[in-house]
There are 2 protein chains.
Amino acid sequence: MALNETHRVEVTSWVESAQTPGSDFPIQNLPFGVFRRTGRHEPPRVGVAIGDQIVDVAACVDEGLLSGVSLEAGERCRLPQLNDLMALGPEPTSALRRALGDLLRVDSAAYHDHPGIARRVLVPMYEAELRLPAVIGDYTDFYASIDHARNIGGMFRPNDPLLPNYKYVPIGYHGRASSIVPSDTHVRRPRGQIHDDPDEPPFTAPTKRLDYELELGIFIGTGNALGSPVPIIDADRHIFGCCLLNDWSARDIQSWEYQPLGPFLAKSFATTISPWIVTLDALEPFRAPAYVRPDGDPAPLPYLLWDVDQRRGGFDIRLDVYLRTAVMRQRRQDPIRISRGRFTSMYWTIAQLVTHHTSNGCNLRPGDLLGSGTISGPDPDSRGSLIERTSRGREPIRLPNGESRSFLEDGDEVIMRAFCERPGFARIGFGECSGMIVPAL
Amino acid sequence: MALNETHRVEVTSWVESAQTPGSDFPIQNLPFGVFRRTGRHEPPRVGVAIGDQIVDVAACVDEGLLSGVSLEAGERCRLPQLNDLMALGPEPTSALRRALGDLLRVDSAAYHDHPGIARRVLVPMYEAELRLPAVIGDYTDFYASIDHARNIGGMFRPNDPLLPNYKYVPIGYHGRASSIVPSDTHVRRPRGQIHDDPDEPPFTAPTKRLDYELELGIFIGTGNALGSPVPIIDADRHIFGCCLLNDWSARDIQSWEYQPLGPFLAKSFATTISPWIVTLDALEPFRAPAYVRPDGDPAPLPYLLWDVDQRRGGFDIRLDVYLRTAVMRQRRQDPIRISRGRFTSMYWTIAQLVTHHTSNGCNLRPGDLLGSGTISGPDPDSRGSLIERTSRGREPIRLPNGESRSFLEDGDEVIMRAFCERPGFARIGFGECSGMIVPAL
């Protein structure tokens, strides 16, 4: 979609909390998710976030409040996952989101013509349980931050931090779909094989080097048929939207197991995502040029290169990681921010990830999830994992309350947040991607 | 289950083709699959193979022919995938298979009491389309053959063929579930980045080094909850059964992309499986000791070590790879066998794979698929991929008709077969896992 009037900061909603300063969910955002009212025997269904409320989309359909929405799109919002809506492709979803925007505007005729409508279509977030937004058939994790690749590569291969393929291949690997959990799910510290003394055999123990990785999650909308690559000019049409993703990692398990086939049990114990999917429509004002490659870097190969993508395939998203320890929670201290990254530092655009993924004919399906890879920038403060922030644990982070952290301890809560800002446009946010570590069995 | 009278070769069926010498599907096998009658508007449903027929399990339920089967198990055979039956665990499935065996025996009272029953419950295989037997939530590919790991490792890392973790860690990685296809699906030659001249940049082209990998597929039955490892003594109870698996691989794409996170597009374009799942019950007579580690090899770590698994966690399965080129097809020549492997050569048992996979708390779900990794033995004839058979293409295979192959060419058909034999017991087979290469787009 192009930028239009609905993106402007002046547009407001009759849902008053949408105008709360700092709200992640003004009327310009309207991210999709799946919710269930707590304490009721109702199946989960599709919702859209606004302020501190969830719009029950199926209820809006039942009240006849959405104009210009296909019957098909409306009906699919009764389902307990977004996959079927996602499969319809960008136009029906955009039309649905536009209709919801029209309904929620302060000057909405439908709102004023239907007294009591707020009570019938809104569910307060505190009364709802948020679910995984989609059945995730396959989850792929990329490695699109060159600073992260350099930082991590330097630890595992000091002489060879950035491999020769990095600037040509958007490196990725298959992740585990079954252990993806929604924000606020506790994460149990995994046990695994650890080999920390080269002269001794490995042993099994709870990981001592538990880490997070700050990533953007990219949900696929329409899929592609097996054998039919998605050209770069069509890639955006296959993206439904984005969320936050924490690729929890056990670094000691990882360093012992990862050769030659890549990370496995070091990451498959849990991956947390935020429950709201921010659409590309909502992100439109925050598009940015693709990473500007320094002189000497090769251009992307032709199948990954499109001038429009180079000009506006990036997204200016700020991403923060907060930590709250058990001690801080006990003392009722707020989480403190330990890093801030920026998605414009990524070497590859999300369109390039989709096109590369399908370039061999691999089929993506609606609801499939891509992780961007850890979002790290050039500054120490912008490193998106503890192993990078603490130089492999050698330089622990000092917390204001006197505690310090090399890696995560039991009771630590990692909270990721992200937002986009631009003068003249409403600030939009991603909500929280949060998880607390519970002790190993 | 223990060995019992039903495994003996003397037991025969009123389905005459079950007694055809060399049939993969005598009454002692009874593997599960999902089929649909061709040319009818019926949804797919669960079937069991016998001789050249498929038993329509739901039809048997409707006719009241199955005794000792739970209503739940029977009803789940009306579904278009086995996941729900798998979720019930080993006892209901064993009872169902036993009841089918009773019905199909030549001395079955039910058969003799119900004239015309064959017509109502059997579907000839040639009238049916076989589907993927389950919705595969996650697919994990292991690397359990030490000979394969040595052969491949020696090509990619001549000085370091077997990495130090191999004898401790059942190495595995996440594979792509969306591109798993049933036997007989054509496989399109993938395109990808190839970097065959170190002094030049990579380019994109159809792979020139297309290969197969002979593997056993292991379907998970009951799953485990996230955070709850499966102890080795319970691992078999989570295995529904086995099929054949061809892990198609593009070696040129693989060697350029696989560092540092493992194979990705080199394998995600297609994975073929045979449609019939041979149960552990049927494989019972062919159990064998686990791999006998030579002196100097470490014992498995305690979580992977159980004396019963060491004594009988192996399976004596012979696995053959056949090739038919376009020229052979044109001349109506039979496929020729190019390798024969044996599953007893695997360094890790399938129970060890399950236990290792879940040792960090990773959850397996009913219908998840594990690949064993390429099954190669110590002899050149037992190498389960062309790259091994031809020493990386340097020693092409000479075919009897004068053709030769370093890697697969368009029109080549790769056919995998497997069987178990033991005196006093009926030979059982796995059916075919077959796929033909079609040209790149």
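User: Through which surface do the copies meet?

Analyst: In this predicted model, 100% of the interface residues of chain B are also interface residues in chain A, so the copies meet through the same surface.

User: What rotation superposes chain B on chain A?

Analyst: A rotation of 180 degrees, with 0.0 Å of shift along its axis, places chain B on chain A with an RMSD of 0.0 Å. That is the relation of a two-fold axis. In chain B, the C-alpha nearest this axis belongs to B:Gly262, 2.3 Å away.

User: Which domains does the assignment give for chain A?

Analyst: Chain A is assigned domain 1 (5-130) and domain 2 (139-438). Their C-alpha centres are 29 Å apart. To the contact, domain 1 of chain A brings 29 residues and domain 2 of chain A brings 27 residues.

User: How is the size of such an interface expressed?

Analyst: It is often given as the accessible area lost when the parts come together. Between domain 1 and domain 2 of chain A, about 2,300 Å² is buried, with 63% of it from carbon and sulfur atoms. On the side of domain 1, A:His7, A:Met86 and A:Leu130 supply 26% of the area buried against domain 2 of chain A, more than any other three residues.

User: How many salt bridges and polar contacts link the two domains?

Analyst: There are two salt bridges between domain 1 and domain 2 of chain A. Across the same interface, 14 residue pairs are in polar contact. Among the elements on the domain 1 side, H4(A) gives the most, with five residues.

Terms used
Residues are numbered from 1 along each chain as its sequence is written. Chains are lettered from A and ligands numbered from 1 in the order in which they are written. This is a predicted model: local features need pLDDT of at least 70, side-chain atom pairs count only at pLDDT 80 or more; totals for chains, interfaces and linings use all residues. Side-chain values use heavy atoms; hydrogens and water are left out. Copies are superposed by least squares on the C-alpha atoms of residues with pLDDT of at least 70 in both. Contact means heavy atoms within 4.5 Å. Domain bounds come from an automatic or database domain assignment. Buried area is the accessible area (1.4 Å probe) that two parts lose on being put together, summed over both. A salt bridge is a side-chain nitrogen of Lys or Arg within 4 Å of a carboxyl oxygen of Asp or Glu. A polar contact is a pair of N or O atoms within 3.5 Å; within protein, one must be able to donate a hydrogen and the other to accept it, and residues adjacent in sequence count only if both atoms are side-chain atoms. Helices (H or I, at least four residues) and strands (E, at least two) are DSSP runs, numbered from the N terminus.
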